[in-house]
Amino acid sequence: FQDSNPDLFRNLNTQQRQAVECNPQTSALILAGAGSGKTRVLTTRIAWLLQHAHAGVHNIMAVTFTNKAAKEMQTRLSAMLPHNLRAMWLGTFHGICHRLLRLHYRDANLPQTFQILDSSDQTAIIKRLLKQMDIDEKVLAPRVLQGFINAQKEAGLRSGSLDAPDPYTQRLIRCYAEYEQLCQREGVVDFAELLLRSYELLNANATLLAHYHSRFTHILVDEFQDTNNLQYAWLKLLAGGGAAVFAVGDDDQSIYRFRGANVGNMAQFLRDFGVSEPIKLEQNYRSVGNILTAANAVIQNNSDRLGKNLRTDAPDGDKIRVFSAFNDLVEAEFIVSEIKMLQREGHDLNQIALLYRSNAQSRVLEQALFQAAVPYKIYGGLRFYERQEVKHALAYLRLAINPDDDNALLRVINFPPRGIGTRTIENIQAAAQTSGTTLFQAACTMGKKTAPFIDLIEQLRGQVGVVSLPELVQSVLDLSGLITHYQNQKQIAEQERVENLHELLNAATYFRVEDVQLDTLPENLADHAALPIIAFLSNAALESGENQAGKGDSAVQMMTVHAAKGLEFDVVFLSGMEEGRFPSELSLNEAGGLAEERRLMYVAITRARQRLYVSMAQQRMLHGVSQFGVPSRFVDELPENVLQHLSPKPKSKNSQENSHLKFHQHAPAVSNQELPRDFDGFLIGENVRHGKFGVGVIIDAVDGGSSAKLTINFGVDGIKVLDTAFAKLAKL
Ligand code: ATP
Ligand code: MG
């Protein structure tokens with residue numbers, strides 16, 4: 001046939017083109033390594049389906065991993081096609097399920113104004129619940145209950161269908177049941193509930209399901225390896241009317257097992273959807289040769305892989321730069337000085353990513369960037385919308401549309417302080433419990449004490465649908481006294497909170513309901529007076545830092561490796577590469593944990609196009625304590641011939657080679673570093689060799705007069721305390 005738009009295929013190789021053009025009536029699985037063009041193929045497939053009239057815009061649903069990915073796909077498609085793409089459902093599983101629930105809130109047994117709980121809201125509810133049930137948090141940690149509830153939901157299980165022989169689990173199930181009731185009463189929905197509720201909605205409603213069966217003839221799923229069992233069941237249900245599902249994924253990048261993701265879904269998919277053979281793509285277009293070599297070498301250490309080849313025509317490019325720092329501050333300084341150099345060389349900051357294994361590691365890096373006046377943007381972690389002051393303001397907004405939102409009420413009934421003490425709040429709670437009402441209703445009967453708060457909420461309620469969204473936010477800030485409260489605090493941190501509240505006002509001013517409609521808000525809310533507020537709040541709960549203040553500005557992109565999946569950057573810094581941090585300590589005690597960490601490492605390496613830095617610190621402050629580490633085994637797994645050491649070759653727990661820890665001349669000048677103290681001639685952080693235990697790092701020391709007691713981490717041989725008067729220690 002003739003291509004109406006030959007450009008569609010201009011940037012595809014033969015394998016990719018075959019994948020795009022495979023039978024439009026049947027399902028397919030594309031199984032291929034990182035950077036091989038899976039996402040590009042998926043996007044082009046949509047364009048191809050539309051262009052050849054295999055499907056109309058409204059027949060297509062595309063599931064991406066992040067909202068950001070959805071927006072990018074939308075932009076690409078708009079550039080490729082003349083179609084208006086509004087009718088296409090494009091978004092994350094959560095976004096799409098949210099949309100379904102908004103559309104069919106009645107059938108889903110939810111109030112029209114239902115609100116989404118993010119994970120910190122969920123923790124708050126669970127704490128409240130435990131208190132109500134008189135269960136001590138020491139006996140049952142909120143985190144444990146939260147994990148239990150989410151895991152059950154992700155397995156598709158309601159409390160009513162659970163049963164257990166042991167009293168411990170029985171209690172968890174009882175709490176889960178209470179939690180379900182509480183959420184239902186308050187009209188709130190957690191992340192896992194979005195999925196489970198919309199699954200149940202479709203499953204219980206034959207007419208509705210039939211409607212969607214005939215509507216969505218083509219469903220496309222990116223990052224398929226990370227779907228969990230519930231998402232898979234949801235997909236199967238929705239595609240059950242004969243839809244062609246086009247799934248793309250990479251088993252080596254499955255990194256959400258801890259959230260119930262199941263790579264086994266790929267094999268299951270082949271069986272359930274009648275696919276005989278996955279389609280493979282084997283050429284990597286993202287990374288230079290050295291980076292790809294490193295990625296392939298690392299992942300080779302995993303067994304049980306589905307097996308894929310990945311090659312590149314790109315030149316070898318830069319070697320991977322490895323840097324071992326004395327401590328985390330020095331590591332951060334190193335990274336900042338390299339970033340400044342890259343900036344001078346003309347690199348766009350948006351094309352530089354700073355990745356770490358866990359969010360806790362970001363603070364030091366953030367601090368260093370801030371001091372050096374390098375703009376940065378953090379994805380995930382404490383998102384803008386999760387900051388205390390912003391959540392307070394949002395709670396007032398929530399009460400304005402639904403005063404029965406108990407969680408929101410508890411958050412702000414006495415914040416800023418307005419003389420409603422713990423006793424009064426307990427009275428309100430008791431009254432609510434006795435009369436079976438919400439806290440707001442109970443508070444209305446409490447007289448003088450609570451009257452000003454009730455008035456405030458009523459005043460805000462009265463503005464809903466009357467004033468614009470930014471005007472309402474302004475009212476919240478003024479009437480609640482939040483701004484004044486923070487302004488009166490003298491600390492810098494509090495001033496920052498005032499700025500954040502102004503930023504919230506900006507966000508409300510620039511907020512466009514249409515932006516959300518793309519993947520979340522359905523049309524039937526259009527006449528609802530509270531629509532802009534609901535849309536705004538939903539957006540706040542679902543977005544993950546992508547719309548942070550200052551979007552469009554060029555900034556270093558900071559995020560965990562998990563959050564970086566599917567993305568690519570010219571330059572990637574992978575920091576904190578210490579054993580116990582990456583791979584994480586916890587993972588090492590779990591079956592399959594190490595393999596999962598290695599896949600995470602594979603994801604990290606393959607985010608880089610041109611240059612990759614790998615860095616580590618021998619000493620690091622985390623959660624207020626100093627920790628000492630040896631280089632990650634994953635650094636060992638990088639082939640030596642693709643590395644360039646900017647400091648002495650790091651000592652790993654297996655390595656027996658000599659090295660010394662003084663900074664190499666390539667290391668950046670380290671200013672204002674305190675001179676380390678010596679203990680009988682030894683320095684903390686220094687490497688030493690012991691006749692029996694081999695090479696270790698001195699992690700602590702105490703002076704004992706003529707000698708010193710050194711605490712030394714010998715890696716596999718463990719941590720020993722040795723006296724310099726007796727132990728034979730050689731400096732390296
Ligand atoms: P990941 O597994 O990390 O999600 P992926 O398989 O989805 O990766 P893409 O992000 O689609 O890979 O593609 C990687 C990069 O290679 C992108 O910059 C993409 O534009 C580019 N690319 C893909 N195919 C080609 C091609 N045939 N010619 C040139 N560039 C390509
Ligand atoms: Mg991709």
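Trainee: Which residues does UniProt list under "binding site"?
Mentor: The unreviewed UniProt entry lists Ala-32, Gly-33, Ala-34, Gly-35, Ser-36, Gly-37, Lys-38 and Thr-39. Keep in mind that an annotation of this kind may be inferred rather than shown by experiment. The model itself is predicted.

Trainee: Let's take Ala-32. Why is Ala-32 called buried?
Mentor: The label needs 20 or more other C-beta atoms within 10 Å. Ala-32 has 26 such neighbours, so Ala-32 counts as buried. Ala-32 sits in strand E1, residues 28–32. Setting aside neighbours within four places in sequence, Ala-32 is in contact with Lys-38, Asp-250, Lys-280, Leu-281 and Lys-308.

Trainee: And Ser-36, is that residue buried or exposed?
Mentor: Ser-36 has 29 other C-beta atoms within 10 Å, so Ser-36 is buried as well. Ser-36 belongs to the loop between E1 and helix H3 (38–51). Beyond four places in sequence, the contacts of Ser-36 are Leu-281, Glu-282, Gln-283, Asn-284 and Leu-310.

Trainee: What makes Ala-53 exposed?
Mentor: Exposed means 12 or fewer of those C-beta atoms. Ala-53 has 9 within 10 Å, and therefore Ala-53 is exposed. You will find Ala-53 in the loop between H3 and strand E2 (60–63). Its phi is near 55°, a positive value in a residue other than glycine.

Trainee: How do you know that Asn-109 is partly exposed?
Mentor: Partly exposed covers counts between the two cut-offs, 12 or fewer and 20 or more. Asn-109 has 14 other C-beta atoms within 10 Å, so Asn-109 is partly exposed. Asn-109 lies in the loop between helix H5 (93–103) and strand E4 (115–116). Asn-109 has a positive phi too, near 60°.

Trainee: Why does Gly-685 count as partly exposed?
Mentor: The count for Gly-685 is 17 C-beta neighbours inside 10 Å, so the label is partly exposed. Gly-685 is in the loop between strand E19 (682–683) and strand E20 (687–690).

Trainee: How much of the chain counts as buried?
Mentor: Of the 732 residues, 45% count as buried. The chain has 28 helices and 24 strands.

Trainee: Which residues touch the most other members of the largest nonpolar core?
Mentor: That core has 122 residues, and Ile-30, Leu-195, Ile-219, Val-245, Ala-393, Tyr-396 and Ile-533 touch the most other members. Beyond four places in sequence, Ile-533 is in contact with Leu-397, Ala-400, Ile-401, Val-464, Leu-469 and Leu-472. A second, separate core of 66 residues includes Ala-34, Ile-255, Ile-378 and Val-635.

Trainee: At what angle do helices H6 and H8 pack?
Mentor: H6 (residues 119–132) and H8 (residues 167–186) pack at about 115°, and their axes are 10 Å apart. Ile-125, Ile-126 and Leu-129 of H6 meet Cys-175, Glu-178, Tyr-179 and Leu-182 of H8. These residues divide into six nonpolar, no polar and one charged. The crossing of H6 and H8 is right-handed.

Trainee: One last topic: which bond is cis, with omega near 5°?
Mentor: That is the peptide bond from Phe-582 to Pro-583. Pro-583 is in the loop between strand E13 (569–574) and helix H26 (585–588). Another cis peptide bond joins Phe-415 and Pro-416, with omega about -5°. Pro-416 is in the loop between helix H17 (406–412) and helix H18 (422–435).

Technical notes: Residues are numbered from 1 along each chain as its sequence is written. Chains are lettered from A and ligands numbered from 1 in the order in which they are written. This is a predicted model: local features need pLDDT of at least 70, side-chain atom pairs count only at pLDDT 80 or more; totals for chains, interfaces and linings use all residues. Axes are lines fitted to C-alpha atoms, for helices over the stretch in contact, and angles run from 0 to 180 degrees between N-to-C directions. Helices (H or I, at least four residues) and strands (E, at least two) are DSSP runs, numbered from the N terminus. A crossing is left-handed if the near helix is turned anticlockwise from the far one by less than a right angle, and right-handed if clockwise. Two residues are in contact if their C-beta atoms, placed from the backbone, lie within 7 Å. Ala, Val, Leu, Ile, Met, Phe, Trp, Tyr, Cys and Pro count as nonpolar, Asp, Glu, Lys and Arg as charged, and the others, Gly among them, as polar. A nonpolar core is a set of buried Ala, Val, Leu, Ile, Met, Phe, Trp, Tyr and Cys residues joined through C-beta atoms within 7 Å.
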